[in-house]
Amino acid sequence: MLDMAQIEALRAAPVADRDHLVDGRSFSPTSGQRLDVETPIDGSVLTTMARGDATDVEAAVSAARRAFADRRWRGLPAARRKAIMARWADLIEAELLELTVLGVRDNGTEIAMAIKAEAASAAATIRYYGEAIDKMSGEIAPTPDNRLGLVHREPVGVVGAIVPWNFPLMIGAWKLAPAIAAGNSVVLKPAETASLALLRLAELAHEAGLPDGVLNVVTGLGGEAGAALAAVPVEQLQLALLSADRFARVELPVEAGVRAELARRFGLFGIRMAVTMIRLGVRDSPTLAAELVTRSGLDELRTVLDVQ
């Protein structure tokens, strides 16, 4: 049974102005611009939040890249990462009503639905993926006696997550929990009409022990901060290529349009395989490289990969 007196007290509580959360700290918008947060309950201004832009997104992405590069999260023992995820879920459950009321004041979800579908659901999702951390392992593929096939799972790097206004905690947890549990760093852009509860969710992650820079939140308009996050370029796709006698790291520039087309046609695994095969072909046989480009149907790769 919901305690209406407690709910009314929480509804009347002031909400402090909110900035981005970058590298574990409050981060004021570079432009100095802010957005009014109007509550759908009565149209009044509840608080203000940072109006992020491309510069703020760049700062968040840089923090996330640093966190991934130095292995401050993915390098922790699985048991430690699991414990931090469990603690995060515990803290959410301890603030279940506070998070729910904050979200209702921000985006107007009906409270009886929100308390189950929002904060409680987010805690359950985070706990589920935290539990999976020490249970997901690699595989040895069935191969002939003279071969060995190993599957080794690794995080992909920095994940950009854009969350809609409806059920932000539930959907936000769907994006955050598996990405973070796998060892990635994340830059989150909530909807401008539903940012407050997700900012608090991220703060609770840090209180639980998540290292700085692993989860960053940039607020603002979808056409500004959201568009900037969606357009973040991957300047270089680094591929560890196996040659005949050694591993070699190759810096391979890949244009954004070509990456998008590869992703659409092949998915993430396909990108890696297609580009790796073509690059190996460039090394060992220009004729083979040209044939692979032709078969892929991506003529743009001729220029990108210097295939004649």
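The structure is a predicted model, and its protein chain contains 11 helices and 11 strands. Of the 308 residues in the protein chain, 44% are buried.

**Confidence in the model**

- The pLDDT of the protein chain averages 82, and 75% of the residues reach a score of at least 70.
- Over residues 235-255, however, the pLDDT is below 50, although this stretch has 42 contacts in the model beyond near neighbours in sequence.
- Where pLDDT is low, the predicted coordinates should not be read in detail.

**Helix 5 and helix 6**

- Helix 5 covers residues 111-132 and helix 6 covers residues 168-181, and their axes come within 8 Å of each other while crossing at roughly 10 degrees.
- Because angles under 35 degrees count as roughly parallel, this crossing makes helix 5 roughly parallel to helix 6.
- The crossing in which helix 5 passes helix 6 is right-handed.
- On the side of helix 5, the residues that meet helix 6 are Ala117, Glu118, Ala119, Ser121, Ala122, Thr125, Ile126 and Tyr129.
- On the side of helix 6, the partners are Pro168, Leu169, Met170, Ala173, Trp174, Ala177, Pro178 and Ala181.
- Sorted by class, the contact of helix 5 with helix 6 has 13 nonpolar, 2 polar and 1 charged residues.

**Helix 3 and helix 4**

- The axes of helix 3, at residues 78-94, and helix 4, at residues 96-107, come within 4 Å and cross at roughly 70 degrees.
- Since angles of 65 to 115 degrees count as roughly perpendicular, helix 3 and helix 4 are therefore roughly perpendicular to each other.
- Helix 3 contributes Ile92, Glu93 and Ala94 to this contact, while helix 4 contributes Leu96, Glu98 and Leu99.
- The residues of the contact of helix 3 with helix 4 divide into 4 nonpolar and 2 charged, with no polar residue present.

**Thr100, a buried residue of helix 4**

- Thr100 is found in helix 4, and because buried means under 20% relative accessible area, its value of 2% places Thr100 among the buried residues.
- When its neighbours within four places in sequence are left aside, Thr100 is in contact with Ile111, Ala114, Ile115 and Ala119.

- Most residues other than glycine have a negative phi.
- Asp23 is not a glycine, yet it has a positive phi of about 60 degrees.
- Asp23 is found in the loop between strand 1 (20-22) and strand 2 (25-27), and with a relative accessibility of 14% Asp23 counts as buried.
- Phe167 also has a positive phi, here of about 50 degrees, although it is not a glycine.
- The place of Phe167 is in the loop between strand 7 (158-162) and helix 6, and at 22% relative accessibility Phe167 counts as partly exposed.

- Val156 is found in the loop between strand 6 (149-151) and strand 7, where its relative accessibility of 46% makes it count as partly exposed.
- Although Val156 and Asn184 are 28 residues apart in sequence, they are 6.4 Å apart in space, C-alpha to C-alpha.

Conventions: Residues are numbered from 1 along each chain as its sequence is written. This is a predicted model: local features need pLDDT of at least 70, side-chain atom pairs count only at pLDDT 80 or more; totals for chains, interfaces and linings use all residues. Side-chain values use heavy atoms; hydrogens and water are left out. Axes are lines fitted to C-alpha atoms, for helices over the stretch in contact, and angles run from 0 to 180 degrees between N-to-C directions. Helices (H or I, at least four residues) and strands (E, at least two) are DSSP runs, numbered from the N terminus. Angles under 35 degrees count as roughly parallel, over 145 as roughly antiparallel, 65 to 115 as roughly perpendicular and the rest as oblique. A crossing is left-handed if the near helix is turned anticlockwise from the far one by less than a right angle, and right-handed if clockwise. Contact means heavy atoms within 4.5 Å. Ala, Val, Leu, Ile, Met, Phe, Trp, Tyr, Cys and Pro count as nonpolar, Asp, Glu, Lys and Arg as charged, and the others, Gly among them, as polar. pLDDT is the predictor's confidence in each residue, from 0 to 100. Buried means under 20% relative accessible area, exposed over 50%, partly exposed in between (1.4 Å probe, protein chains only).
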